[in-house]
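Here are my notes on the two ligand sites, in the order I went through them. Have a look at the structure first, then read on.

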Amino acid sequence: MTTAALEIVNLSKSFGGIRAISDISLTVPAGSLTAVIGPNGAGKTTLFNLVTNLYAADQGDVKFYGESILGLGSGEIAARGLIRTFQTARIFPGLTALENALAGAHLHVRRAPWQQMLWLPGALREERTLAAKADALLELVGLAPFRDMAATDLPMGGQKLLEVVRALMAGPRLLLLDEPAAGLNDAETADLAELLRAVRDSGITVIVVEHNMSLVMGVADQVIVLDAGKGVAAGSPREIQKDKRVIAAYVGEES
Ligand SMILES: Nc1ncnc2c1ncn2[C@@H]1O[C@H](COP(=O)(O)OP(=O)(O)OP(=O)(O)O)[C@@H](O)[C@H]1O
Ligand SMILES: [Mg+2]
């Protein structure tokens, strides 16, 4: 039996008269890379906002490795290893690219602040390990040349990639990425695809909301399709590409 990293059970959320998420249930197996796709306004970001408790659900449950996380604070959820990025990159201004990356890890550094200030040997070792990890990740996504630049001076695509790096530095067990390829050029998208595969292969479960179909079809093990707050299909990329309900959801958007 495969372990579920995330189980969403009959989840619903309305905003006024809009049923943004309408009785959605889904399972994300541990170690998988799941893509969530759907037209604008389908409820993809809202789903992430419910899972991370940015918004309270009207009904239903969210289980992370079998335990309900509904109602937990965002800090507690992150501390358990459920880490997300945002559709619009949220970079820390005034910090370099490297410092932004390291900020993700400092969420988890166990040492007391006074130990870090005194640079005790353990803390120093830990910092060096973290910096090496951050450098390796920046290199992997092509951001090494921007390492010591103010992060806000990075092009938009670079800021989005940096946010993914920062999320990885937090040591996630489950990583939620909201449109990480938005604003990326083709080369950056290819770097992102490589990174996502490497992340999944390292054992981290990934859920990615994405409009870039070639990225989705190239990296996802499982694709879940939302339309108007409802789950309309789930399957392998190959199955989803042929699914009439999926085609209808997208054609409906255009007309
Ligand atoms: N805070 C909010 N207040 C009111 N309505 C909201 C709020 N957040 C989302 N909605 C509505 O819920 C629906 C789903 O929005 P959501 O942002 O989840 O869509 P999405 O699938 O992420 O779309 P996109 O692809 O454009 O990012 C939309 O009708 C949206 O207007
Ligand atoms: Mg969205």
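1. Let's start with the shell. Ligand 1 is surrounded by 15 residues, and the closest are Gly41, Lys44, Thr45, Thr46 and Gln87. Keep in mind that this is a predicted model.

2. Now the polar contacts. Thr45 puts a polar side-chain atom 2.9 Å from an oxygen atom of ligand 1, and Tyr55 has a polar side-chain atom 2.9 Å from a nitrogen atom of ligand 1. With Ala42 the backbone is involved: one of its N or O atoms sits 3.1 Å from a ligand 1 oxygen.

3. Which elements give two or more residues to the shell around ligand 1? They are β2 (18–29) and α1 (44–51). The largest share, three residues, comes from α1. Sorted by class, the shell holds six nonpolar, seven polar and two charged residues.

4. Then the metal. Ligand 2 is a magnesium ion, coordinated by OG1 of Thr45 and OE1 of Gln87 at 2.0 to 2.3 Å. These two come from distant parts of the chain, 42 residues apart: Thr45 belongs to helix α1, while Gln87 is in the loop between β6 (82–84) and α3 (97–106).

Technical notes. Residues numbered from 1 in each chain as written. Chains lettered and ligands numbered in written order. Predicted model: local features only at pLDDT ≥ 70, side-chain atom pairs only at ≥ 80, totals over all residues. Heavy atoms only, no water. Near = heavy atom within 4 Å. Polar contact = N/O pair within 3.5 Å; in protein donor to acceptor, adjacent residues only side chain to side chain. Helix = DSSP H or I, 4+ residues; strand = E, 2+ residues; numbered from the N terminus. Nonpolar A, V, L, I, M, F, W, Y, C, P; charged D, E, K, R; others polar. Donors = N, O, S within 2.8 Å, 3.2 Å for Na, K, Ca; no water.
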